[in-house]
Amino acid sequence: MKNLFGSSRRRTGATLVARESLQRLSEQPEARPSAPASRRRFGAFILLHLQAFVATLGQLSRTPIATLMTAAVIGIALALPAGLYAVLSPIQAHSTQWHDERQMSVFLKPGISDAQASSLAGRLRTLPGVSQVKLISRSQGLEEMRKQSGFAEALAMLDENPLPALLVVYPTPSPAGTSPAQAVTELLTTLRALPEADAVQFDMQWLQRLEAILRVVERGVTLLAGLLALGVLLIVSNTLRLAILNRREEIEIIKLIGATDAFIRRPFLYLGLGYGLLGGVIAWVLVTLALGLLRGPIEQLARLYSSDFQLIHLSLTGSLVLVSLGGALGLFGALLAVHRHLAAIEPT
């Protein structure tokens with residue numbers, strides 16, 4: 001029978017006996033080596049972990065299909081929320097950029113001259129919450145309409161300019177921790193109360209709706225990520241439970257010859273860590289492939305709406321976080337399984 005601990009039962013027992021002999025020798029002053037005891041203990045600790053790590057790699061390599069299937073399930077569970085976060089992040093970044101570019105259009109009454117409009121623009125620039133005020137005079141508005149509407153000849157036949165002056169008001173970006181909607185609402189109320197204003201239009205109400213939708217989606221993705229993380233814990237815990245039960249006799253024997261709980265537990269923890277890390281790598285591959293396939297169509301759709309929106313691949317930090325999260329979930333799932341099932345195995 002192959003042994004998870006990287007050796008046969010006889011070799012395991014001999015290793016433990018040798019370790020006990022070395023420990024007894026280290027307690028005798030005349031046989032104590034020159035190196036400090038703390039350094040020797042640290043070296044033995046590192047050596048035991050390296051042995052368990054190498055033995056775990058051998059265990060995973062001996063069952064490649066089962067290992068890949070388990071890691072693939074973990075990878076798919078991690079890839080779904082990671083991919084959704086990768087898509088939501090640039091959308092939220094663009095919505096913040098668009099929010100900073102929001103503007104309010106103040107259409108003045110027809111009787112307001114350009115001089116009066118310029119004076120009003122100067123007063124509005126002093127209001128709190130106003131970043132910039134742009135004046136579009138009546139003549140500028142008519143000229144712009146003549147260029148863009150395609151009715152230049154019809155407009156030339158008019159006796160007088162029917163267009164009112166227009167003030168474009170840019171609110172200041174909202175400070176962190178404050179509600180942008182409340183500041184915009186207060187400014188809108190102030191502008192609509194102006195006696196010179198005929199109508200006030202806020203051009204970014206659709207963005208507020210988009211931000212509300214994104215908050216709902218983000219909350220849903222967070223909830224989904226939590227549920228899938230719980231699923232990963234259960235997958236790893238069940239896989240390690242089966243591995244422990246398959247080696248029940250081995251565990252009973254090495255407990256009889258004096259193996260400590262830490263020595264028995266260590267290979268299973270590395271096994272769970274290995275499953276988690278492989279699952280994290282598979283999740284990274286899946287997310288990268290999905291973003292690559294979606295990038296072209298999404299950018300083409302964005303260009304149709306005159307937007308420079310682009311999907312971005314996972315950064316180095318994001319990739320490391322994804323793989324590390326998989327390893328952490330695998331290790332924690334292994335801890336749950338080992339703590340529960342190893343305690344129930346006692347030699348008889």
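**Reading confidence, cores and salt bridges**

Mentor: Over residues 1–34 the pLDDT stays under 50, and the model has 44 contacts beyond four places in sequence for that stretch. This is a predicted model. Where pLDDT is low, the predicted coordinates should not be read in detail.

Trainee: In which helix is confidence lowest, and in which is it highest?

Mentor: The lowest confidence is in helix H1 (residues 9–26), with a mean of 41, and the highest is in helix H11 (residues 316–341), at 89. For the chain, the average pLDDT is 77, and 74% of the residues score at least 70.

Trainee: How many helices and strands does the chain have?

Mentor: There are eleven helices and four strands. Among contacts between residues at least 6 apart in sequence, 82% join residues at least 24 apart.

Trainee: What share of the residues counts as buried?

Mentor: Of 348 residues, 34% count as buried. The accessible surface comes to about 20900 Å², with 63% of that area belonging to carbon and sulfur atoms.

Trainee: How should I read the nonpolar cores?

Mentor: The general idea is that, in soluble globular proteins, nonpolar side chains tend to be buried together. Here the largest nonpolar core has 35 residues, and those with the most contacts inside it are Leu78, Val232, Leu240, Ile244, Ile251, Ile264 and Phe268. The elements giving two or more residues to this core are helix H3 (64–100), helix H8 (205–246), H9, H10 and H11. H10 provides the largest share, ten residues. Apart from this core lies another, of 21 residues, among them Leu108, Leu120, Leu187 and Phe202.

Trainee: Which residues are in contact with isoleucine 244, leaving aside its neighbours within four places in sequence?

Mentor: Isoleucine 244 is in contact with Ile251, Phe268, Ala337, Val338, His341, Leu342 and Ile345.

Trainee: How many salt bridges does the structure hold, and how should I read them?

Mentor: The structure holds three salt bridges. In the pair of glutamate 196 and arginine 123, the closest N and O atoms are 3.2 Å apart. Glutamate 196 lies in the loop between helix H7 (180–192) and strand S4 (197–202), while arginine 123 belongs to helix H4 (residues 114–124), so the pair ties together parts that are 73 residues apart in sequence. Glutamate 196 counts as buried, at 18% relative accessibility, whereas arginine 123 is partly exposed, at 43%.

Trainee: Where do glutamate 252 and arginine 248 lie?

Mentor: Both are in helix H9 (residues 248–256); they are four residues apart, and therefore separated by about one helical turn. Glutamate 252 is buried at 19% relative accessibility, and arginine 248 is partly exposed at 35%. The buried residues of H9 are Glu250, Ile251, Glu252, Ile254 and Lys255. After H9 comes glycine 258, whose phi is positive, near 105°.

Trainee: Is glutamate 299 buried or exposed, and what is its salt-bridge partner?

Mentor: Glutamate 299 counts as buried, at 15% relative accessibility. Its side chain meets that of arginine 295 in a salt bridge, at 3.0 Å from N to O. Arginine 295 is partly exposed, at 30%.

Technical notes
Residues are numbered from 1 along each chain as its sequence is written. This is a predicted model: local features need pLDDT of at least 70, side-chain atom pairs count only at pLDDT 80 or more; totals for chains, interfaces and linings use all residues. Side-chain values use heavy atoms; hydrogens and water are left out. pLDDT is the predictor's confidence in each residue, from 0 to 100. Contact means heavy atoms within 4.5 Å. A salt bridge is a side-chain nitrogen of Lys or Arg within 4 Å of a carboxyl oxygen of Asp or Glu. Buried means under 20% relative accessible area, exposed over 50%, partly exposed in between (1.4 Å probe, protein chains only). Accessible areas come from the Shrake-Rupley method with a 1.4 Å probe; for residues, only the protein chains shown count as cover. A nonpolar core is a set of buried Ala, Val, Leu, Ile, Met, Phe, Trp, Tyr and Cys residues joined through side-chain atoms within 4.5 Å.
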